[in-house]
Amino acid sequence: MAKVNAYRAWETIGGAEISAWLPRRPRNAHKGDFGRILLLCGAVGYTGAPVLAAKAAVRTGAGLVFTGVPQAVYPIIAGGLLEPMVFPLPDTDGMLSAEAIPDILNRLKTCDACLIGCGLGRSEGVRRVVEAVLSEAVCPVVVDADGINALEGHIDVVRGAACPVLLTPHDGEYARLMGQKPTEDRRIAAWKLHEATGATVLLKGHRTLICGDGGCYVNRCGNPGLATGGSGDVLAGILVSLLGQGLPPTQAAAAAAWLHGMSADICAEHLGEYGLLPSDLLHMLPRLLK
């Protein structure tokens, strides 16, 4: 890798760019015009992740959100979601099993974007589900959290994916894919993961970095109030929603990072950083998407 590539035109994301990227909504639109989204999330002990991700997808404008969860937690998650459609999938010990693959692949045929990973847990069944989605999906797929963990030692699955892939690692998840945590210069680290996988990379951190075929971006908004469980689920839901509405992967990732960070900054003005909850971000998103 030539170092010049790692430093190519890193742009700072701002509200003007986001406004220009977001698709305009025609007056005669219907729900099918704003994306059919499939979320594969949740496990016993991780019932909040699919709720936060699905609500974020709806709040960001997705037309139809389908949320597949393990049978064991279906009643809990279905009770926490009104607008998204929730359906149960076969599980083993409270986590998705390989028996869920046929139903998942059938549903993927009619979807515009997919998110897999939030709160899935770690098991052989989860690994097989993640690999099946990446090998068969045609729509863009966001691989987050335990979806990334399932690919530890199997980075070739991302390189060989049949669909556009977006990876959203924090430093620990990055290390599971690349064998070491990001270097001191995180721009080089983000570029290396993009180059190794061909995926669009959203490397989370104090200054979230986005690197993909559509360019390289730095997000400078956000605050320590985001350093809490569930924040990444909201980000993933925003991202998959924008993908489903037609934004190209790199722009969708950059826009999601900015919307997530700016929502947190507005919340912090009113609530402070200590008490900021991931669910607070959901109420702020509409103000940024007028």
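**Notes on a predicted model: salt bridges, rings and the overall fold**

1. Start in helix α6. Glu131 and Arg127 form a salt bridge there, with 2.8 Å between the closest N and O atoms. The two residues are four positions apart in the helix, so about one helical turn separates them. Glu124, Arg127 and Glu131 are joined in a network of salt bridges. Keep in mind throughout that this is a predicted model.

2. How many salt bridges does a search of the whole structure find? The count is seven. Glu152 and Arg122 make one of them, and their closest N and O atoms are 2.9 Å apart. Glu152 lies in the loop between α7 (146-149) and α8 (156-159). Arg122 lies in the loop between β7 (113-116) and α6 (124-136). The pair therefore ties together parts that are 30 residues apart in sequence. Glu152 is partly exposed, at 39% relative accessible area. Arg122 is partly exposed too, at 48%.

3. Now look at Asp144 and Lys204. Their side chains meet in a salt bridge, 3.3 Å from N to O. Asp144 sits in the loop between β8 (141-143) and α7, and Lys204 in the loop between β10 (200-203) and β11 (209-212), so the bridge ties together parts 60 residues apart in sequence. Are these two residues buried or exposed? Asp144 is buried, with a relative accessibility of 2%. Lys204 is also buried, at 18%. The cut-off for buried is under 20%.

4. Ala145 has a positive phi of about 50°, although it is not a glycine. Its relative accessible area is 16%, so Ala145 counts as buried.

5. Asp93 deserves a look for its backbone as well. Its phi is positive, about 55°, and Asp93 is not a glycine either. Where does Asp93 lie? The residue is in the loop between β5 (91-92) and β6 (95-96). Asp93 is exposed, with 73% relative accessibility. Ala145, by contrast, is buried.

6. On to the rings. The search of the whole structure finds one aromatic pair. Its members are Trp21 and Tyr217, in an edge-to-face arrangement. Their centres are 5.5 Å apart, and the planes make an angle of 85°. Trp21 lies in helix α2 (residues 15-21) and Tyr217 in strand β12 (residues 215-218), so the pair ties together parts that are 196 residues apart in sequence. Tyr217 is buried, with a relative accessible area of 6%.

7. Two arginines sit over phenylalanine rings. The charged end of Arg25 is placed over the ring of Phe34, 3.6 Å from the ring centre. Arg107 lies over the face of Phe87, and here the distance to the ring centre is 3.5 Å.

8. Thr60 is buried, at 5% relative accessible area. Which residues does Thr60 touch, leaving aside those up to four places away in sequence? They are Ile238, Ser241, Leu242, Gln245, Leu285 and Leu289.

9. Finally, step back to the whole chain. It has 13 helices and 12 strands. The C-alpha trace spans about 45 × 40 × 40 Å along its principal axes. The radius of gyration is 17 Å; a compact globule of 290 residues would have a value near 19 Å, and the two agree.

10. Buried residues make up 57% of the 290 residues. Among contacts with a separation of 6 or more, 69% are between residues 24 or more positions apart.

Methods: Residues are numbered from 1 along each chain as its sequence is written. This is a predicted model: local features need pLDDT of at least 70, side-chain atom pairs count only at pLDDT 80 or more; totals for chains, interfaces and linings use all residues. Side-chain values use heavy atoms; hydrogens and water are left out. A salt bridge is a side-chain nitrogen of Lys or Arg within 4 Å of a carboxyl oxygen of Asp or Glu. Buried means under 20% relative accessible area, exposed over 50%, partly exposed in between (1.4 Å probe, protein chains only). Rings of Phe, Tyr and Trp (its six-membered ring) pair if their centres lie within 6.5 Å; planes under 30 degrees apart count as stacked, over 60 as edge-to-face and the rest as tilted. A charge sits over a ring if NZ of Lys or CZ of Arg is within 6 Å of the ring centre and within 35 degrees of the ring normal. Contact means heavy atoms within 4.5 Å. The radius of gyration is taken over C-alpha atoms; the globule rule is 2.2 Å times the number of residues to the power 0.38.
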